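Hello,

Here is the structure we talked about. Notes on its salt bridges follow below.

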Amino acid sequence: MGTVHARSLDPLPMQGPELGVQADDLDLVEPDHEPQQEVLENKDVVVQHVHIDGLGRTKEDILTYEIADVFRAKNLIDVMKKSHDARQRLLRLGIFRQVEVVIDTAEGADAMPNGLDVTFEVKELRRMTGSYNTMVGNNEGSMVLGLKLPNIFGRAEKLTFQFSYGTKETSYGLSFFKPQPGHFERNFSVNIYKVTGQFPWSSLRETDRGISTEFSFPIWRTNHTLKWEGVWRELGCLARTASFAVREESGHSLKSSLSHAMVIDTRNSPILPKKGALLKINQELAGYTGGDASFLKEDFEIQLNKRLFWDSVLSASLWGGMLLAIGDKPTSICDRFYLGGPTSVRGFSMYSIGPQSEGDYLGGEAYWAGGLHLYTPLPFRPGRGGFGDLFRTHFFLNAGNLCNLNYGEGPRAHLSKLAECIRWSYGAGIVLRLGNIARLELNYCIPMGVQSGDRICDGVQFGAGIRFL
Amino acid sequence: DSLLGEVLVVELNTAEPWPENATLYQPLREDQILLSDCASSLAVQAYLRMCGLPVRVCCRANAEYMSPSGKVPFIHVGNQVVSELGPIVQFTKAKGHSLSDGLDDVQRAEMKAYMELVNNMLLTAELYIQWCDDTTSSEITRPRYSSPYSWPLNHILAYQKQWEVRRKMNAIGWAGKTLEQVYEDVSQCCQALSQRLGTQPYFFNKQPTELDALVFGHLFTILTTRLTSDELSEKIKSYSNLLSFCRRIEQTYFEEQDRDVKITIKEKL
């Protein structure tokens with residue numbers, strides 16, 4: 001029997017968003033069974049050696065965990081399946097450009113008659129990859145330089161650096177990531193960054209300089225992240241015409257916070273999922289590890305998807321959050337929640353719902369938002385099987401509310417405040433999926449329940465982003 | 001942008017009268033405010049009292065960053081925000097209140113010249129002593145300036161401000177001066193002011209002008225602030241007419257109006 005090349009088997013369906021970038025909706029395709037293999041199917045084999053060829057700077061000890069399972073295969077089909085799994089595990093480390101599997105009969109002095117040798121032929125990623133872009137926007141140009149150093153010390157550590165130098169602002173970020181050998185889902189990363197943002201809906205300019213460290217680890221089916229973050233925030237007015245309420249928030253503050261996030265994600269894709277659910281709960285406690293800002297912040301995100309008749313999907317989502325100031329200092333405008341816009345309650349202008357002063361939106365300390373969507377393929381299904389599959393039509397119903405907390409009243413009063421004067425909207429539109437990360441929407445929206453002070457965007461609204469209600 | 005902006009502000013505001021809730025913002029009085037900022041704030045308060053315009057004083061830790069020009073004090077009148085004495089004088093003039101209407105052109109030019117002298121000499125000397133003298137800077141100025149903030153932001157902001165002031169001193173040629181030379185400059189400035197004042201109650205005889213407010217703000221603050229050494233206030237005390245000038249304005253415009261603005265001798269710098 002000759003050599004069996006188990007090269008690049010078809011990908012298995014995704015178990016969740018952590019595993020690599022694979023197109024979803026592909027069902028498991030069994031490798032072709034050639035006539036000779038059927039004879040061997042039930043024959044007992046023993047995997048004697050597993051080699052990895054092509055290692056340069058990668059240390060072998062982290063790889064032994066990923067390939068250990070191959071030794072336990074009992075028959076040929078098992079060997080092929082387990083080596084395919086091992087290949088996936090090696091690829092998700094993010095240190096190899098290419099992994100090929102070669103299964104051959106065992107050779108050498110101690111070769112057994114039913115022994116097999118499995119060899120992984122790998123090509124490591126280059127030591128450093130760089131990218132350079134120039135961006136031109138509204139009255140401003142910037143150049144962006146990116147550097148990525150994968151696997152710098154040989155155990156799948158990754159160092160990324162991004163620097164953006166513009167006519168108006170400069171920002172940078174440096175990030176170091178290290179997984180635990182053998183348990184890639186347990187990892188920690190350290191980030192240093194400076195980010196500037198301009199928020200015209202609040203006439204606010206914010207510059208954040210910060211350091212953060214985070215640990216991620218899975219527990220049973222959930223994924224947890226613990227993070228400490230220290231940020232020096234600098235707020236300023238974006239224009240001379242900023243309202244006095246925003247002017248009062250100008251200045252410097254230091255936030256040192258501990259946060260914990262729990263994610264359960266059983267969806268088959270983060271963008272336009274067809275089935276599954278998402279639960280994300282996040283809490284942040286600031287002030288007990290130093291700094292000026294002192295608060296407790298809770299927010300959650302729930303999304304449920306169900307496939308209906310004729311390739312359409314019903315999706316329901318609910319977001320909510322609460323910000324409690326600890327001590328007598330009021331909350332800062334950069335910690336509060338905002339509502340409205342093409343990625344939130346559609347039909348309203350970006351973050352233009354809720355408490356405001358002279359046209360500048362100040363955000364709120366408690367909010368909730370819900371959405372009900374029906375996604376269907378484009379009518380008459382143009383471009384089916386190709387480009388047309390990236391588009392979906394959707395019909396939506398969004399609702400939400402935002403308010404500030406006042407300690408004089410009790411929790412019941414706050415709940416009733418959030419329940420009255422609900423803003424809501426309905427409409428339909430087209431969604432375009434961009435890769436596996438982002439989506440574009442073009443909707444026709446009809447906002448309702450508009451309160452005085454809200455700014456609406458009825459009619460056609462365009463939105464682009466990563467996270468949509 | 002700033003000069004044009006001031007003119008536009010003035011143009012748009014002639015119609016409205018002075019509101020009851022006009023507010024003046026300055027850094028925290030007890031722990032934070034520095035000598036130079038206190039002098040500027042007192043000058044504006046004195047000017048507004050001389051005009052008979054009521055204003056409330058509000059202390060905020062971030063007053064410097066709230067101000068549109070980055071300098072304190074600033075006033076919030078109606079929905080306008082105006083900072084520093086010069087623009088505030090223009091602003092009140094547009095509303096029909098002015099102290100220098102009675103002056104002729106020669107006197108007005110003289111007044112402007114003396115105000116420039118106070119700003120270039122006294123104010124710069126105050127900034128120099130606060131930030132460029134190492135003893136004062138480390139014992140008094142930096143701890144006070146950074147008092148509202150927590151570690152390490154307090155050190156970052158204090159050193160950033162110190163570096164900025166020292167760079168400005170370099171640019172105007174004061175970096176090479178010694179403390180003695182600065183005291184000497186202050187003394188000469190006071191001599192010029194004392195000569196101009198003479199035996200008159202105010203610089204332009206019977207009625208106070210914005211120059212009186214500015215001089216009062218700086219001299220009174222220096223006299224009532226404890227620094228690392230008393231030399232600065234001693235220089236002023238050697239001119240008796242300046243002393244009685246300060247006392248006169250304090251009695252006329254501050255003591256008889258409300259109690260809580262009474263500024264007593266205490267460690268303010």
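Arg60(B) is partly exposed, at 25% relative accessibility (partly exposed lies between buried, under 20% relative accessible area, and exposed, over 50%; 1.4 Å probe, protein chains only). Its side chain meets that of Glu248(A) in a salt bridge, 2.9 Å from N to O (a side-chain nitrogen of Lys or Arg within 4 Å of a carboxyl oxygen of Asp or Glu). Arg60(B) sits in the loop between strand E2 (56-59) and helix H3 (63-66) of chain B, and Glu248(A) in the loop between helix H4 (244-247) and strand E12 (251-265) of chain A, so the pair joins two chains. Helices (H or I, at least four residues) and strands (E, at least two) are DSSP runs, numbered from the N terminus. Glu248(A) is also partly exposed, at 30%.

The model is predicted: local features need pLDDT of at least 70, side-chain atom pairs pLDDT 80 or more, while totals for chains, interfaces and linings use all residues. Residues are numbered from 1 along each chain as its sequence is written, chains are lettered from A and ligands numbered from 1 in the order written, and side-chain values use heavy atoms, without hydrogens and water.

Over all chains there are 26 salt bridges. Within chain A, Arg209(A) pairs with Glu234(A) at 3.3 Å, N to O. Arg209(A) is in strand E10 (residues 204-219) and Glu234(A) in strand E11 (residues 222-237), so the bridge ties together parts 25 residues apart in sequence.

Glu441(A) and Arg346(A) form another, with the closest N and O atoms 2.8 Å apart. Both residues are buried. Shared partners also join Glu66(A), Arg89(A), Arg92(A) and Glu185(A) into one salt-bridge network.

Best wishes
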